[in-house]
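This report is meant for someone meeting the structure for the first time. Please keep the sequence and the model in view while reading, and follow each part in turn.

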Amino acid sequence: MSTITSESRIPVTIVKPIVYGNTAQHFGSKRDSDGHTHKWKLYVRSFNNDDMTKYINRIQFRLHETYPNNVRVLNQPPYEIEESGWGEFETQITIFFADPCEKPVVFYFHLKLFSTEPDIVVGRKPLVNEYYDELVFQEPSDLLARAINSTQLLPISTEENRAIEQEYAKRKIYTVTRIKRARERVRHEIQDLTERLCLTQQSIKHVRQRSITLISPTNDNIIRD
Amino acid sequence: MANADVLDILSDTIPTTSRGAANKDEIIREKKKGPKKSIRRPEGMKREVWSLIAQDDRESVPIVPTDTKSGGNSYARWIKHSAMKVRSWQWTPFTNSARGPNDTFVLYHWQHKTNPDDPPQEYPFAKFNKHVDVPTYTDNEYEQYLQDKEWNRNETDVLFELCRKFELKFLIIHDRWNNILYPDRSVEDLKDRYYTICTTLEYARTKRHTDKYNFDAAHERRRKEQLNKLLSRTKAEEEEELYLMNELKRIENERKERERIISQDVQKFVQQQDQNIPTTNNCIQRTVSSSSRRSSINQDYLQRLNSSSNRTSTTQRITTCDPPVGIKFPEFKRPGVFLRSQRMILPSSIPNKKLAVIDQVLKQCQLERNPMACEEIVDEFNDLRSDIILLFDLKNALNSAEYELQTSLHRLKSENGSTNMGMSSTQSSGAGINSSNEPSKTQFDFLLSQPSTPNENITSPRLSDSFEPTNIVRTSTTERKRRALSSQTSTIKKRERPS
């Protein structure tokens, strides 16, 4: 498996950040015809506003079986599915790459419609359920590497993009610091408990030794008798 | 003429010997000689039997091998004897010398006829009439050595008389003991008196100690009492004992399990600890300073621990050992594309309890379950979750270790309490031991009273405190079980409880 010499693999790792998620908007009322209450949009897009078509062949969205044509394939951006519905479900998203020999990336995404925030419940604000992720190309093939490196920034709405990027950057820093703090805390406790465990173990050994020395003189008496 | 012709015709077939022998005697002699055979018929065997076995043309005869038990030829001997006459038996009177010299009791039995000049035989069973040698003491000896405050001379004499009469069968002696004339004595009392007198006499006469008359009256009394109690157990008591034995076995097994787990975990955690070396040093300093608030005794424990862990850390750095990671996350080594968040997926092997714990801790630290998937975050997040699981395991191990310590201490205390009474006689010799008992006892008391509460100002709410106790250890021990655990002394002591 690792000795793929037919295609030369470039020993680098290329990271392409993406964003995927869904927005959901409540109608305000339940639609009588099919009971749908929300309009939602499921999407996958590049974080940096890249031209993903260079390395992505197509994206396949698998929706719930009750949807007609629940397997929807999109060959060009925007990779979005707009639909309406009444319930949340898990979708399967498959990304196929420009290199047909490369295995597609499959992941699951839970479509979120409901929220507890009053604005969203009423329908004034749409719900945004978005995740930042990264496509990691590890030792991509020659073809794919060239394809990836040839992308250019799309000149569309870079302003908006920059705002989003900044927001994510802030979030990243925030999360990292939090995680680091939590790790410190946990590690301190681990340290503490480890010491106590060693201590307790030693005490146990000590007590056992003492009880043995206490038992043995009385034992002798009984045996002799 | 005709006779001669017949004879001529028959001459070929007629045996020549009989040709001329018309003598009646010769014929008889021939018959008597019998047909010549290579093997003679053994004497005593009937002719018909022999003819069944024997074969004319054969040298040997297949005879069943004779019985060689009686040194060869029992058959021959029997033959010889059967030709002999029967020994005569005589209805003779006899006396038993074992009955005593003045005995005139005469019995009769059959005996082989003996020559009248032979001396009369002793009754062969008289030699089994053995007697016990009960020592006798003179008045001087009694006054010198054998005085006792509970026995007077009279009683002692009576006792010895009974011993002689009943051949030291103490049960009979005890039965015959006259408890109206003399104070009531048990079997042990009588035996005790007898054996002490014997030993004293022996020593007085030979000036040498012997081990012939070792008798421990107290032990005997206890032994008989125990046997009586054993015999008279009620059904309920017996069941209770069985139940307690099973409980003890079970508890011992659990204890061994716990010990195994604890020792494993300690290894694991000590190793884990050594991996985080830069943070370790800070932590050690911090905990040393905090422990200064604890008693001084604990501090040298900690120092010893630190030194030992430092020692082990150096050795372990040399020997390459894999650190036991809390969780093993999926890794992507193969070339291919994958999504960063896939590295954050928890493996399915983690039990639900641990998942719940992870969620709990994340909530406490105000972290979301799936943060944004950058490289740095993913790494840190995975490590964090690993550490959480480690902490959880550690907490469990610590709980079971503490429980173990509690039970050991309880056991020690009960033994200490029971043996302290027995040790009162050896106080003088054990003075040194006692003085060293005290600090260790206070140490253990300290440990007992403060099982697991460190100082509160380390981290205000501890993450691990919110973990539920999920050990195999049973925290609900009934009083009886505790006693079964701690009192592993002899059964007598246990028996005293219900009685």
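A residue is called buried when its relative accessible area is under 20%, exposed when it is over 50%, and partly exposed in between. The model described here is predicted. Lys268(B), which has its place in helix α11 (residues 235–275) of chain B, counts as partly exposed because its relative accessibility is 24%. Although Lys268(B) and Leu390(B) are 122 residues apart in sequence, their C-alpha atoms lie 9.4 Å apart in space.

**Chain A in outline**

Chain A contains three helices and eight strands, and along its sequence these follow the pattern β-β-β-β-β-β-β-α-β-α-α. Of the 225 residues of this chain, 45% count as buried. Among the contacts in chain A between residues at least 6 apart in sequence, 67% join residues that are at least 24 apart.

**Strands and their partners**

Strand β8 (residues 127–138) of chain A is mostly covered, with 10 of its 12 residues buried. Within chain A, β8(A) pairs in the antiparallel sense with strand β1 (residues 13–26) over 12 bridges, and β8(A) is also joined to strand β3 (residues 336–339) of chain B by four bridges, again running antiparallel.

Four strands of chain A form an open sheet in the order β4-β3-β6-β7, with antiparallel pairing. Its edge strands, each of which pairs on one side only, are β4 (71–74) and β7 (105–110) of chain A. Neighbouring strands of this sheet are turned against each other by 20 degrees on average, direction ignored. One of the pairings, between strand β6 (residues 90–97) of chain A and β7(A), is antiparallel and runs over six bridges.

| Residue | Partner residue | Strand of the partner |
|---|---|---|
| Thr23(A) | Val128(A) | β8(A) |
| Thr94(A) | Val106(A) | β7(A) |

**Nonpolar cores**

Which residues have the most contacts inside the largest nonpolar core? In this core of 39 residues, they are Tyr132(A), Leu197(A), Leu367(B), Leu384(B) and Ile388(B). The elements that give two or more residues to this core are α3 (158–224) of chain A together with α14 (352–364) and α15 (375–422) of chain B, and α15(B) gives the most, with 13 residues. When its neighbours within four places in sequence are left aside, Leu384(B) is in contact with Ile179(A), Ala182(A), Arg183(A) and Val186(A) from chain A, and with Leu362(B) and Leu367(B) from chain B. There is also a second, separate core of 34 residues, which includes Ile14(A), Ala24(A), Leu63(A) and Ile93(A).

**The second largest pocket**

Rolling a probe the size of a water molecule over the atoms shows where empty space is left. About 890 Å³ of space lies in the second largest pocket. This pocket is lined by 31 residues, and those that lie nearest its centre are Tyr108(A), Ser341(B), Ile345(B), Arg369(B) and Asn370(B). The elements β7 and β8 of chain A, together with α14 of chain B, each supply at least two residues of its lining.

Methods. Residues numbered from 1 in each chain as written. Chains lettered and ligands numbered in written order. Predicted model: local features only at pLDDT ≥ 70, side-chain atom pairs only at ≥ 80, totals over all residues. Heavy atoms only, no water. Buried < 20%, exposed > 50% of the residue type's maximum accessible area, 1.4 Å probe, protein only. Pairing = 2+ DSSP bridges. Core = buried A, V, L, I, M, F, W, Y, C linked by side-chain atoms within 4.5 Å. Contact = heavy atoms within 4.5 Å. Axes fitted to C-alpha atoms, helices over the stretch in contact; angles between N-to-C directions. 1 Å grid on protein atoms, 1.4 Å probe; cavity = no way out; pocket = protein on both sides within 12 Å on 5 of 7 lines; lining within 4 Å. Points joined across faces, edges and corners; volume = space filled by probe spheres on them.
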